[in-house]
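Student: Could you show me how to read a sheet and the helices around it?

Tutor: Let us look at the model together and take one feature at a time.

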Amino acid sequence: MIKADIHYGEGHYKTAVKNKGNPFLKAMGYSLIVAVGLAFLIKLSFDLLKYHAWILWLYGAVFIAVNGFTLVRLEVLLLGVKKDVIKTMSSVSYSLEFDEEELVLRYDTKVEFGEKHLRYPVVKWADRRGEWFLINLKDNELVFSEKELTGGNAEELSALLGEKLGAKFKYVRSSSHDKS
Amino acid sequence: MIKAHLTYTTEHLMALAHSKNRRTRPRQILFRIGCVLYFLSLDVVLYWYFYELKNKTLLWALMFLFVVSAYGEVKKLLKLIHLDDEVRKLPITGEDRIFVFGEDEDFFYELISDENENSRKNFRYAHLHKAEESDSYFVIYIKPELACIVGKKDITEGSSQELRELLSRKLGSRFSVRKGEF
């Protein structure tokens with residue numbers, strides 16, 4: 001039987017986040033939109049300085065205040081989420097067993113503990129990226145490294161997932177996180 | 001021991017949505033209305049003062065930016081106002097759920113079963129976020145963003161009175177009762 005004992009850490013977090021798209025890129029995108037808006041405003045204010053400059057500067061100040069505040073909140077939120085995820089994940093331990101019919105997930109967190117028996121159709125998709133495996137269930141995403149396999153090996157697990165999931169399983173041979 | 005046997009329906013999700021948004025919804029609606037008015041007034045005032053400009057390209061661009069922002073806020077506002085319609089769009093997964101609340105344990109558990117899943121989830125009372133009761137439902141928040149919903153008519157063993165006393169004893173001030181519906 002193929003088994004894995006998972007203790008979440010920063011490597012798991014980085015792999016999971018990389019898969020979702022970096023949230024900091026979204027914040028950067030938002031910053032860009034705000035910067036373009038401000039550039040328009042400043043250019044306009046210089047063009048129109050002789051008319052009603054004070055109104056434009058007032059708009060500029062309100063615009064900077066509102067968007068700056070939102071941006072700061074967004075980035076603080078993202079940093080907070082990262083810290084929270086690492087903290088939460090670090091306190092979680094999972095044990096996974098893969099057999100022919102189902103995968104058995106046992107977990108224990110501060111709030112919740114339990115056991116789930118899930119048949120393979122529940123799996124939305126699974127990826128193997130370098131040394132990392134990602135398994136997306138309907139309400140949960142599991143991330144673990146081949147080093148955490150305590151029974152069987154990565155090749156056996158890939159073969160099983162390929163057989164059970166078909167096109168829902170992808171094997172990407174290289175991953176930048178192999179180096180970390 | 002108190003047991004409840006149920007499958008989540010739109011009514012359960014509706015109870016959760018109203019419980020979750022009850023306190024913050026009026027504030028959120030007011031905030032969104034403020035945002036829409038802010039962006040629209042920027043547009044109106046900008047145009048009022050600068051419509052005489054020969055080259056209006058920058059003015060149009062700026063006004064377009066504010067209109068797009070106002071449109072985004074209107075969409076968020078409509079979602080808040082039509083909360084029930086938003087909930088009705090949510091998919092119902094249809095698993096069979098049994099909640100068991102023991103007198104002596106320091107946790108309650110949920111058994112979930114359908115053709116692809118058999119699970120037992122145990123939730124420790126000491127670390128639950130909070131619980132709320134209305135005339136028809138108990139909503140037990142595991143975390144602020146995750147909750148179990150138990151309808152009073154879903155209770156098959158014990159009574160809602162017993163569940164109220166149990167939650168009150170286990171959660172203390174984190175349990176609250178609301179007259180009427182959420």
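Student: Which strands form the open sheet, and in what order?

Tutor: Strands are DSSP runs of E with at least two residues, helices are runs of H or I with at least four, and both are numbered from the N terminus; two strands pair if DSSP finds at least two bridges between them. Here, in chain B, four strands form an open sheet in the order β7-β6-β5-β9, with mixed pairing. Strands β7 (146-151) and β9 (175-177) of chain B stand at the edges with a single partner strand each, so one side of each has no neighbour in the sheet.

Tutor: Before we go on, note that this is a predicted model, in which local features need pLDDT of at least 70 and side-chain atom pairs count only at pLDDT 80 or more, while totals for chains, interfaces and linings use all residues. Residues are numbered from 1 along each chain as its sequence is written, and chains are lettered from A and ligands numbered from 1 in the order in which they are written.

Student: In what sense do β5 and β6 of chain B pair?

Tutor: Strands β5 (residues 130-133) and β6 (residues 137-143) of chain B pair in the antiparallel sense, over four bridges; B:Ala131, for instance, has B:Ile140 in β6(B) as its bridge partner.

Student: Which strands does helix α1 of chain B touch?

Tutor: Contact means that C-beta atoms, placed from the backbone, lie within 7 Å, and angles run from 0 to 180 degrees between N-to-C directions of axes, which are lines fitted to C-alpha atoms, for helices over the stretch in contact. Helix α1 (residues 10-21) of chain B packs on the sheet and touches β5, β6 and β7 of chain B, its direction making about 125 degrees with that of β7(B). Helix α5 (residues 160-171) of chain B lies across β5, β6 and β9 of chain B, at about 140 degrees to β9(B).

Key:
Contact = placed C-beta atoms within 7 Å.
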